[in-house]
Amino acid sequence: MCEEGREAREDCGSREEWTLLFWTSLAVVVPVIITLWCSAQRHKRKTHMKEFFRKSKHGWHYTDLFNKPTYCCVCSQHILHGAFCDCCGVCADEQCLRRADRSLPCKEIMAPARPHDGAAEHRWVRGNVPLASYCAVCKQQCGTQPKLCDCRCVWCQTTVHDDCMGSLADADVCDLGEFHSLIIPPHYLYRVNKLRRRQPDDFTKLGASCGGSWTPVLVLANTRSGNNMGEALLGEFRTLLNPVQVFDLSQLTPSKALQLCTLLPPGSVRVLVCGGDGTVGWVLDAIDSMKLKGQDQFIPRVTILPLGTGNDLSNTLGWGAGYAGEIPVEQVLRNVLDAEVVRMDRWKVQVASKGSYFRKPKVLTMNNYFSVGPDALMALNFHAHREKTPSFFSSRIINKAVYFLYGTKDCLVQESSVHPSFLPSFLPWGWQPKQGDPDFPLPSHLGQLLRGNPKAFP
Ligand SMILES: [Zn+2]
Ligand SMILES: [Zn+2]
Ligand SMILES: [Zn+2]
Ligand SMILES: [Zn+2]
């Protein structure tokens, strides 16, 4: 009797244990399955959306959280997440996205001017006007009401209250605003497209209709440089300029982007390179190749927005040692407008193998420095790893730390394979240094190398 009771109790205990195990497993497995299912759905949705964005005429970008109060341009509801077009500023939630894409046109990169007077009309987009913008009619602040209200012209950035729109004079035409001398107007490209023979003189004549001081700017940004700010900056430039003049160098090479210069008046174009020394060198090489194609007259002037990890060339030319959003993009464009043109020395470096007479020497172009040995190896290693895992190199500080790590490793583990007598020939002054010469301004980093290599002095 007693035995039976104990067995029944043991049975009951093991059943309870199994039940507990079952519910515990269920409590763990079910949330995992739900999370995996949600993430698969999210991935599927994102893939669909990417495909939709690729085909759209708008420059859509998806965000999980807007950084300011935003209203859907279709249903007028307040939205926290959704898509926005960085060209025209239209915003929409996921449900309204397709309707917004169909019914709201984007900024037209090429369009005819008004037939009777050759002027352009404003292109208004309603709602989500920039913070602290003022009405062109009553001079009061716009976008202060918590709803989809007030309008902004996508070209001249003029903002007007809904109520003041009726009072806007009929004669008020779009003059492209403050940056009219940097913007390529849609009517210019329309007329270039209609030209039968495209001669440089024709571009100059057409350019005269865009104003005497017209110096269009092309923006070329490397989205992988330094702080990975390129992407956001490209969006801001597309908002202020014609989207056709803004290029992402991860999608298009500088040589292809610079071909737009050959459709603009010769000698008028400026190029704003957003990136570090490597990106600027890449663009300067592409400009060199324009010379080889016989396009000398279209060569642009180059300005720099220093986004890279190394920005020595930018610093030398007065564009600063690094940009992290300290000044607004509008101020960057003002600086481009005010910039003075200076000529810069560039150097050809010929690399020949000793004793190999049949191999053609390699000719390289050097912009502000040329380096061989450990620091060049360090830069090459850094570049190779950034190409492999770009997401890891998303901050200038991390990049500098990685540089430091490679530098330490390369200096400790490997020796420079450069022959000591090779070094002085890279010095940009063009004369042979003599040991102990007080007039010889030896750069500190070369000084270290040369001091370590006494044979380097002839
Ligand atoms: Zn909506
Ligand atoms: Zn758009
Ligand atoms: Zn306008
Ligand atoms: Zn007003």
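Trainee: In which sense do β13 and strand β14 pair, and over how many bridges?
Mentor: First, keep in mind that this is a predicted model. β13 and β14 (residues 362–366) pair in the antiparallel sense, over five bridges. Two bridges are enough for strands to count as paired, and β13 and β14 have five. One spot to look at is Val351, which stands opposite Lys362 in β14.

Trainee: What makes you say that β13 lies largely in the open?
Mentor: A residue is buried if 20 or more other C-beta atoms lie within 10 Å of its own. Strand β13 (residues 347–351) has five residues, and the number that are buried is zero, so β13 lies largely in the open.

Trainee: And why is β11 described as largely enclosed?
Mentor: Apply the same cut-off of 20 or more C-beta atoms within 10 Å. Five of the six residues of β11 pass as buried, so the rest of the structure largely encloses this strand.

Trainee: Which strands make up the open sheet with parallel pairing, and in what order?
Mentor: There are four strands, in the order β10-β9-β11-β12. Three bridges join strand β9 (residues 217–221) to β10, five join β9 to β11, and six join β11 to β12. Set each count against the requirement of at least two bridges, and you can see how the pairs qualify. For examples, Leu220 stands opposite Phe247 in β10, Val219 stands opposite Leu272 in β11, and Arg270 has Arg301 in β12 as its bridge partner.

Trainee: Why are β10 and β12 called edge strands?
Mentor: β10 (246–248) and β12 (301–306) each have a single partner strand, so one side of each has no neighbour in the sheet. From one strand to the next, the twist averages 20°.

Trainee: Which strands form the open sheet with antiparallel pairing?
Mentor: That one has three strands, in the order β1-β4-β5. Its edge strands are β1 (60–63) and β5 (91–92), each pairing on one side only. β1 and strand β4 (residues 82–85) are joined over four bridges, and Tyr62 stands opposite Ala83 in β4.

Trainee: Which residues touch the most other members of the largest nonpolar core?
Mentor: The core has 70 residues, and the ones that touch the most other members are Ala92, Val219, Leu220 and Cys274. Strand β9 gives the most to this core, with five residues.

Trainee: How do you know which residues Val219 touches?
Mentor: Contact here asks for C-beta atoms within 7 Å. Leaving out residues up to four places away in sequence, Val219 touches Phe237, Leu241, Gln245, Val246, Phe247, Leu272 and Cys274.

Trainee: What puts the buried residues of α9 on the same side of the helix?
Mentor: In helix α9 (residues 329–338), the buried residues are Val332, Leu333 and Val336. They cover an arc of only 95° around the axis, which puts them on the same side of α9. The face turned away from the buried side of α9 carries the exposed residues Gln331 and Asp338.

Trainee: What do the buried residues of α9 pack against?
Mentor: They pack against β9, α5 (230–240), β11 (270–275) and β12. Helix α5 has its own buried residues, among them Leu233, Leu234 and Phe237. Those buried residues of α5 pack against β9, β10, β11 and α9.

Trainee: Why is Phe52 called partly exposed?
Mentor: Buried needs 20 or more neighbours and exposed needs 12 or fewer. Phe52 has 14 C-beta neighbours inside 10 Å, so it counts as partly exposed. You will find Phe52 in helix α1 (residues 2–55).

Trainee: Which residues does UniProt list as "transmembrane region"?
Mentor: The unreviewed UniProt entry lists residues 20–40. In the model, that span is 100% helix and 0% strand, with its end C-alpha atoms 30 Å apart.

Trainee: How many helices and strands are there in the protein?
Mentor: There are 12 helices and 14 strands. Of the 458 residues, 28% count as buried.

Key
Residues are numbered from 1 along each chain as its sequence is written. Chains are lettered from A and ligands numbered from 1 in the order in which they are written. This is a predicted model: local features need pLDDT of at least 70, side-chain atom pairs count only at pLDDT 80 or more; totals for chains, interfaces and linings use all residues. Helices (H or I, at least four residues) and strands (E, at least two) are DSSP runs, numbered from the N terminus. Axes are lines fitted to C-alpha atoms, for helices over the stretch in contact, and angles run from 0 to 180 degrees between N-to-C directions. A nonpolar core is a set of buried Ala, Val, Leu, Ile, Met, Phe, Trp, Tyr and Cys residues joined through C-beta atoms within 7 Å. Two residues are in contact if their C-beta atoms, placed from the backbone, lie within 7 Å. The arc is that of the directions from the helix axis to the C-beta atoms. UniProt positions are given in the numbering used here, feature names are shortened, and annotations may be inferred rather than shown by experiment.
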